[in-house]
Amino acid sequence: MSVKLTGSCYCRNLEYVVELNSKDEARTSLCHCHNCKKAFGGNYGLTAKVPKDSFKYIKGKPKEHAADNGSGTTLYREFCDLCGSFILDGEPVKDHSRYICVGSLDDPEALPPKGEFFTKDRISWMPVIPNTFQKKEINE
Ligand SMILES: [Zn+2]
Ligand SMILES: [Zn+2]
């Protein structure tokens, strides 16, 4: 069953829609790496990987930040230049996938997590999410 999800930044300067053939096309995951901690300002990053063409902005234009992640990979991040909300996280897969910051969805409950990455960097008080895949790094 096809699904249409909407989302925005905190101030709604940016609004977007995601149209999926089914919820299975999205892969939500937690990432405990140091870059995600900094970028999200929390103890993990939470993104939903979706096919690139399923995502489009319907209002506003994001600001993009591109930088080396410290190991030779360029990471792209898109955010609102008015309120600073982080909307998209991108990797070299930017050409075929987008990573939506799940908290920016109007219904963040819509895409529950399937797994966790960089569990070796999980903060000590953070429990394991039950029934999800666990990867010590990206590819174990
Ligand atoms: Zn905003
Ligand atoms: Zn990460």
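What share of the contacts in the protein with a separation of 6 or more comes from residues 24 or more positions apart?

A: This is a predicted model, and in it residues 24 or more positions apart account for 52% of the contacts with a separation of 6 or more.

The open sheet is built from three strands. Their order across the sheet is E1-E2-E5, and the pairing is antiparallel. Strand E1, residues 3–8, and strand E5, residues 55–59, are the edge strands, each pairing on one side only. On average, neighbouring strands of this sheet are turned by 25° against each other, with direction ignored.

The pairing of E2 with E5 can be followed down to residues. Strand E2 covers residues 15–20 and is joined to E5 by four bridges, the two strands running antiparallel. Within this pair, Val18 stands opposite Phe55 in E5.

Now the whole chain. The protein has 11 strands and one helix.

As for overall dimensions, the C-alpha trace spans about 40 × 35 × 30 Å along its principal axes. The radius of gyration is 15 Å, which agrees with a compact globule, because a globule of 140 residues would have a value near 14 Å. Of the 140 residues, 31% count as buried, where buried means that 20 or more other C-beta atoms lie within 10 Å of the residue's own.

Terms used:
Residues are numbered from 1 along each chain as its sequence is written. Chains are lettered from A and ligands numbered from 1 in the order in which they are written. This is a predicted model: local features need pLDDT of at least 70, side-chain atom pairs count only at pLDDT 80 or more; totals for chains, interfaces and linings use all residues. Two strands pair if DSSP finds at least two bridges between them. Axes are lines fitted to C-alpha atoms, for helices over the stretch in contact, and angles run from 0 to 180 degrees between N-to-C directions. The radius of gyration is taken over C-alpha atoms; the globule rule is 2.2 Å times the number of residues to the power 0.38. A residue is buried if 20 or more other C-beta atoms lie within 10 Å of its own, exposed if 12 or fewer, and partly exposed in between; C-beta atoms are placed from the backbone. Two residues are in contact if their C-beta atoms, placed from the backbone, lie within 7 Å.
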